[in-house]
Amino acid sequence: MHWLIEPGLLASSPVRVAVLVGTVVAITSAVVGVFTVTRGQSFAGHSLADVATTGGSGAFLVGLNQFWGFLAFGVAAAVMLEVIGVQRRRGRDVATGVVLGAALGLAALFLYLGSQHSSTTGASFTVLFGSIFVIQPSTVPALIASGVIALIVIVALSRVLLLTSLSPDVAAARGVPVRAVGVAYLVALAISVSLSSVAIGAVLSTALLIGPAATALRVAKGPVRAMVTAAAIGVAVTWLGILLAYDSYYWPPHGHAWPVSFFIVALVVVAYLLTYLHRPARRRRSPSLGTPRAEVEVGA
Amino acid sequence: MSELPTSSGDLLRLDGITVRLSGREVLHDVSFAIRPGEFTGLIGPNGAGKTTILRVILGLLAPSAGTVTVAGQASGSHRRGGLLGLGRPIGRGDGRGGSVVGYVPQKLLIEPDMPLRVRDVVALGIDGNKLGVPFPSRARRELVAETLRAVGADSFADKRVGELSGGEQQRVMIAHALISRPRLLLLDEPLANLDIRSAQGIVAVLAKLAREQQIAVLISAHDMNPLAPVMDRIVYVAAGRAAVGGADEVLRTDVLSQLYGQHVDVLHVHGRVVIVAGDDGEDAGSPHAGDDLAGQADPVYGSGVA
Amino acid sequence: MFSGFMMNTWIAATIVAVIAGVVGFFAVLRGSTFAAHAIPNGAFAGAAGASLIGANTLLGLAVFSVAGALGIGSFGRKARHDVATALILVLMLGIGALFISLGDQYAQETYSLLFGEVFGISPDVLLPIGILGALSVLALLVIFRPLMLTSAMPEVAAARGVSPRRVEMAFLLIMALATSMTVPVVGALLMFSLMIGPAAAARSFTARPWLAVVLSVAFGLITVWIGIAISYETDWPLGFFVGVLGAAFFLTGRAWASLRGRRLLRSRRSSAVPASANA
């Protein structure tokens, strides 16, 4: 196995940190992602990540650790998305898109100002594509803690979320505060997204959020099985991605590693496509195939 | 407003419910009561206010006037309280966390990849409104299995709920509502999109439940004929007003014409009831319609019709 | 501000705003907001790849945008539409990240591809941008009626022999071609904002399609012109102004719509007529 596991892999401290943080990120993102995909909120999940970018670049600008910037903006955006809460899905998508655009504009500004004031280059790349191998060990406890918190919140809410997605009216009639649950879920999503943004970048945290969850939903039937499968896929993809990224240092062009985010994304997409071998696509019931359907709002 | 005969045995009681939405009066002075074990049809054309009535009963909509009483307790502020507001369901039940009122919504639009099997949906009926993860136990599993059998959904218990037909989905949602041992089951247009066979199947299941478990059923429909054999009483809703009573009391040309505010004919065809709009221009004030009711007290209406 | 090389900038930005205004109107109409965000990111990968192998940048842009559009269009039929879009999006960006890291232009290239480099436009790209932009707008006009029909009533369209699938694919491809040309100007991340903000705002002011398109283009032009002017003075990135102004237009539109809605409501409230029943 020498060609797969290059020398020094497990002895390397950055790799150990990467694996630890990566595992937490993968599990949290996957479990949160199951609900994100089910509720049809992939765009919102992706947008939160991009908005978190603004926070990250802002933090970079003022010299803070980027994670806090990601987190603050992510949570704020989550609450704002819930408040905007337009009834029809298309209206909500447009509103999300506009908020996203404004946030990206701000990010552009922050990154520009940051590059003027400091000599560190590559800030754009790092903020967007992550830096899992250069995570400072001092931030690791905070990262793990936030991942665990997000995970606990989602697991605690899982039944209520499913009930709300099934029928908001039934849930409301049974005393569930549908709006509050929606906000709590979005906050957990924001935390998870901030976390994965630090690890593999804001723009690509969507891969770990959506990919394993969408894959699991195609093969697992019940809720518990879906969450566990998603987490397993996420972790597998992350470990393999870290492994390959480390190995790629020895691949052409020598001395230059390929970005870990590339591997993770590629593996995520491959995993998803593999399910189509096992279960060929069935014809969807919607009459207008290929056109985004106007769906009845399900869940907050 | 004419007073309903007071009876403390009423399971559900609406008194003078009026609802105004966006400046429009959607329901006017609706009153009726339901006793334990009764099978009541909430009948009326689309847009008449049936769903509004159901939402008021469930506490999802606050009426502009009037009161709702469920099992002796005024409904309304039931949702406050409890940890994080995940509080008591409608009408405190038997203390086990069960609720007095079970609700089966109209057809749900469920994505095929929703990670819920039929048995998961039914299990959510036990305690889906609580935080945390349930402890798997044999008692739970058996309760779910038993409820599935009662509605005839055990054969597809492991299918994804998004892959079911309309009729199958209705049974699942009935089981979901049933498992918390409600004393009143509310169903919102369950038969609307079903073929005749499936509709008859659902009605049979409901009738059996009402008989065997003494569960009162309030079922809304725009076509009353599938329900005719099993209905005890009708609440007929049109133009925001209601006429309450037995089928032969309510389904009459004079009664419904007054309700609609225009002449309609109630025809009995081969044992079925058909309601047909009359000629334009004739209204309840015309010489022929409403003759019998002029000057008489109204035992049937709440009040205020024309 | 209007000297020699700046004229290229003004012209390029104007073309981009017009294209974005027209394409954006349809994107908002069809709810293709996510796809509008995803496809320009394909362009990002294309440009990075092209610069890596030394090929023509615009060609790389076009190839990858189109590939992304094809992916979303065909994949979106099998899977959930938003999942397919999300996965194609991250795949494109991941590939782009790879290309950038294999090259050596790292930081600056990333930034300019994503956020735009409008002041570095050379005159020889003006013509291709202009031609492709004109072609895209023309193509949209050609499929205007099937596009409107499938956007509003997909089932009816299908019954009349217009395939919603094919129209969707065509629209995505047009969007890919149009935006790939314009990405160098405002950048992948902000091209989307220029498409959505002005168009969404336009729809709040009017329901008439032609007027909405005109308004959408007008808002877009105002956005880039103001943006270029201020950017020229302050050196701040154009993308910032595009994003913020787009949001400002959108919010103004929403405010206007809600004010107008409230006035209508007040006039209706006086007559509380119970709905007449249909038997």
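Analyst: In this predicted model, chain A exposes about 10700 Å², and carbon and sulfur atoms supply 70% of that area. Of its 300 residues, 64% count as buried. The secondary structure of chain A comprises eleven helices and zero strands, so that the order of elements from the N terminus is α-α-α-α-α-α-α-α-α-α-α. Among the contacts in chain A with a separation of 6 or more, 77% are accounted for by residues 24 or more positions apart.

Thr215(A) belongs to helix α9, residues 202-219. Its relative accessibility is 4%, and Thr215(A) therefore counts as buried, the limit being under 20%. Leaving aside residues up to four places away in sequence, Thr215(A) touches Ile233(A), Ala271(A), Tyr272(A) and Thr275(A). Ala173(A), in turn, lies in helix α7, which covers residues 168-173 of chain A. With a relative accessibility of 1%, Ala173(A) also counts as buried.

Chain A meets chain C in a contact to which chain C contributes 61 residues and chain A 60 residues. The area buried between these two chains is about 5100 Å², and carbon and sulfur atoms give 76% of it. On the side of chain C, the residues that lose the most area to chain A are Arg80(C), Leu87(C) and Val90(C), which together make up 11% of what that side buries. Helix α4 of chain C, residues 81-102, provides the largest share of the side that touches chain A, namely 16 residues. Across the interface of chain C and chain A, zero salt bridges are found. Six residue pairs are in polar contact between chain C and chain A, counting pairs with both residues at pLDDT 80 or more.

A salt bridge does link chain A to chain B. Asp169(A) pairs with Arg55(B), and the closest N and O atoms are 3.1 Å apart. Because Asp169(A) lies in helix α7 of chain A and Arg55(B) in helix α1 of chain B (residues 50-58), this pair joins two chains. Asp169(A) is partly exposed, with a relative accessible area of 25%, and Arg55(B) is partly exposed at 26%.

Over all chains, the structure holds 14 salt bridges. Within chain B, the side chains of Lys50(B) and Glu189(B) form one, at 3.4 Å from N to O. Lys50(B) lies in helix α1 of chain B and Glu189(B) in the loop between β7 (184-188) and α5 (196-213), so the pair ties together parts that are 139 residues apart in sequence. Both Lys50(B) and Glu189(B) are buried. Another salt bridge brings together the side chains of Arg117(B) and Asp158(B), with an N to O distance of 3.7 Å. This pair links distant parts of the chain, 41 residues apart: Arg117(B) is in the loop between β6 (101-104) and α2 (118-127), and Asp158(B) in the loop between α3 (138-151) and α4 (166-178). Arg117(B) is buried, with a relative accessible area of 16%, whereas Asp158(B) is partly exposed at 38%. Elsewhere in chain B, salt bridges with shared partners join Asp10(B), Arg13(B), Asp15(B) and Arg35(B) into one network.

The strand pairings of chain B complete the account. Four of its strands form an open sheet in the order β2-β1-β4-β5, with antiparallel pairing. Strands β2 (24-34) and β5 (73-74) stand at the edges; each has a single partner strand, so one side of each is left without a neighbour in the sheet. Strand β4, residues 65-70 of chain B, is joined to β5(B) by two bridges, and these strands run antiparallel. In this pairing, Thr69(B) stands opposite Ala74(B) of β5(B). Strands β11 (residues 264-269) and β12 (residues 272-277) of chain B also pair in the antiparallel sense, over six bridges. Val269(B) stands opposite Arg272(B) of β12(B). The two strands form a hairpin with two residues between them, and in the turn His270(B) has a positive phi of about 50°.

Methods:
Residues are numbered from 1 along each chain as its sequence is written. Chains are lettered from A and ligands numbered from 1 in the order in which they are written. Side-chain values use heavy atoms; hydrogens and water are left out. Buried means under 20% relative accessible area, exposed over 50%, partly exposed in between (1.4 Å probe, protein chains only). Contact means heavy atoms within 4.5 Å. Two strands pair if DSSP finds at least two bridges between them. Accessible areas come from the Shrake-Rupley method with a 1.4 Å probe; for residues, only the protein chains shown count as cover. Buried area is the accessible area (1.4 Å probe) that two parts lose on being put together, summed over both. A salt bridge is a side-chain nitrogen of Lys or Arg within 4 Å of a carboxyl oxygen of Asp or Glu. A polar contact is a pair of N or O atoms within 3.5 Å; within protein, one must be able to donate a hydrogen and the other to accept it, and residues adjacent in sequence count only if both atoms are side-chain atoms.
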